[in-house]
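Hello,

Here is the structure I said I would pass on. My notes on the aromatic residues and the nonpolar cores follow it.

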Amino acid sequence: MTPAKVNSLNLEENESMPIECLVLGAGQEVGKSCVVVTINDKKIMFDCGMHMGYRDHRRYPDFSRISKSGDFTSVLSCIIITHFHLDHIGALPYFTEVCGYNGPIYMTYPTKALAPLMLEDYRKVIDRRGEEGLFSSEHITECMKKVTAVDLKQTILVDRDLQIRAYYAGHVLGAAMFYAKVGDAAIVYTGDYNMTPDRHLGAAQIDRLQLDLVITESTYATTLRDSKYAREREFLKAVHKCVASGGKVLIPTFALGRAQELCMLLDDYWERMNLKVPIYCSAGLTIQANIYYNTLINWTSQKVKSTSATRNPFDFKYVHSFDRSMINAPGPCVLFATPGMISGGFSLEVCKQWAPCEQNLIILPGYCQVGTVGHRLMSAKVPTKVNVDESAEIDVRCQIHQLSFSLHTDAKGIMDLVRFLSPKHVILVHGEKPKMEKLKKNIESDFEIPCYYPANNETVLIPSTQYIKAHVSKSFLQSSLSPNFKFLKTTSRADTDIILNEKTESLVQVCDDRVAEGALIIQNDEKGQHRKIVHQNELMAIAGGENHEVQFAHCFPVRVCNELKDVAVSPGENMPPVLDKHSLLHLLYTKLSNDLQDVTIQNAGDSLQIESFTISACLKEKCPHRLHVNPDSTSEAVNFCCVWSMGDEKLAWRVISVIKNLELKTG
């Protein structure tokens, strides 16, 4: 890069509007993800989920905090849904069809295809529980008509100012992280993601972006997950042991994502071990989902895509559909039943029937929200009674096995993403408060990035940046490109010297504090506003003014060694004749070089120079810069006079402080 080729640059302006983050869900909890972010007057809702552990008003986000009048369409610029799990999309039909939002909604093609299946399955669970449905099948259909599907890395212009872009997140089929930018302010909202690949999905992928903020999930904020193969072996061993003894295995799981992962694992194991015990999936939802997986094969892992040319990786040989009438059928079996947290539905129905038998096994393969039966089973000591609701409980005598086949990233994955993106701020959502607090400390200590973990209904204001374009002068550009090396010598033998063959070699550290200093000139004429950055030496000529420099001065005594007391002193001098100016400065230079290793000291013979700070021996009997006279005998002190510019005031008083504590000695 040469000065002739570069004539403009971007300057960061710090007085732009702050980014406002209102957390309506997943604040210090896992459930009902919903974050409303305002970037330069554009208001975006990221996710619109529900909480599976509640049946009261806490089930949905408090939408009244977005608009008291209920006019959500004019307030929100758009809604972005990261993936099809109910804790990220479960409240969307209610928000659009009951609350009346009629603006744009964005999600990926797989999410748009699979979300209606998840929503309809949940609606049926609500009906079977006898609860009042908050949305109907018609609501789901009408809601999905408002959705615009997006491709990965496709830049969407929501309006003239707001642009969004989706990135592959792993986690489940179609899950995406979303980048949003308004003007120069930019953020990434991760949704749920996985930084490591599994059997059917790849790892999250995102570009290196210039970001003011990353809002990241923190489900496993403090967990470092062990080897995937070790978990798979433990899972297969537990299942095999149970069915070999004639027991039934219940695996509560969501129909999309973890179910496919574990079905692939068991199908392969059954093939290798030649097992005849049946494996079932409840109802037809998982079977139907496998059809979508096959259609959307490009969203899966590279291994699955390469295998699909010869066979359908989701056409499981040993996995069959399960009918309700088979719940009490004799003999061992393995059953995948929804929903995953046993919050109701078929998994709860089977749990009631199978849990009282000691021979059976319930495997919980993922995270269960507080308030669900799955969460109560995770912390239960068998045998025990587990409450289903206020009027019913389950007699649990079966084995309970918890394994983390999580689709979420672990603590290392979160730290790796933050390190890669290097945003100016981080907000943690979708996690448990104590774990989020620890992760916050790790992010701030390791990366020096401010980190926050707001609770539900709290707002965080994040400073954003705005860039202005300005031309630069040739002199300023040349000064910016010039090296500014400093050599920091270390002379402490105990700490830094290396002894090789009885010869000491001092270590030298090289520092390059390259800072471009100049002035921004803004001129207005009939053609508009013109900005140019010039070198500080050019400013006076351009402005047509005179350069006035303010200098400071100080004169003070420095003690000398006691051996000098007996040396004759000539009349009119305050120092022994054997110590002339050059000798004094040489002694001072030696002392300062040892004590101030991070600055460059130049010895000009009559003075020492550190930046604009100049010091020389003062022979005047009455110096105007001397504030007081040393009360001791003048033969025990010599005076030094210092001069410096305003810009080096802090440096000057630091050097003076060091000199005043010195005692000059002769050999």
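F72 is buried, since its relative accessibility is 6%, under the 20% cut-off. Please keep in mind that this is a predicted model. F95 is buried too, with a relative accessible area of 0%.

These two residues also meet. A search of the whole structure gives twelve aromatic pairs. One of them joins F72 and F95. The ring centres are 4.9 Å apart, and the planes make an angle of 50 degrees, so the pair counts as tilted rather than edge-to-face, which needs over 60. F72 belongs to helix α1 (residues 72-75), while F95 belongs to helix α3 (residues 92-98). The pair therefore ties together parts that lie 23 residues apart in sequence. Ring pairs also bring in F63 and Y101, which form a cluster with F72 and F95.

Now the cores. In soluble globular proteins, nonpolar side chains tend to be buried together. Here the largest nonpolar core holds 130 residues. F95 is among those with the most contacts inside it, along with M45, F235, L266, W270 and I443. Leaving aside residues up to four places away in sequence, L266 touches F235, L236, V239, I251, I279, V334 and F336. Another core, of 30 residues, lies apart from the largest one. Its members include I39, Y106, V150 and A166.

One last item concerns a charge and a ring. The charged end of K660 sits over the ring of F556, at 5.5 Å from the ring centre.

Best wishes

Technical notes: Residues numbered from 1 in each chain as written. Predicted model: local features only at pLDDT ≥ 70, side-chain atom pairs only at ≥ 80, totals over all residues. Heavy atoms only, no water. Phe/Tyr/Trp six-rings, centres within 6.5 Å; stacked < 30°, edge-to-face > 60°. Helix = DSSP H or I, 4+ residues; strand = E, 2+ residues; numbered from the N terminus. Buried < 20%, exposed > 50% of the residue type's maximum accessible area, 1.4 Å probe, protein only. Lys NZ or Arg CZ within 6 Å of the ring centre and 35° of its normal. Core = buried A, V, L, I, M, F, W, Y, C linked by side-chain atoms within 4.5 Å. Contact = heavy atoms within 4.5 Å.
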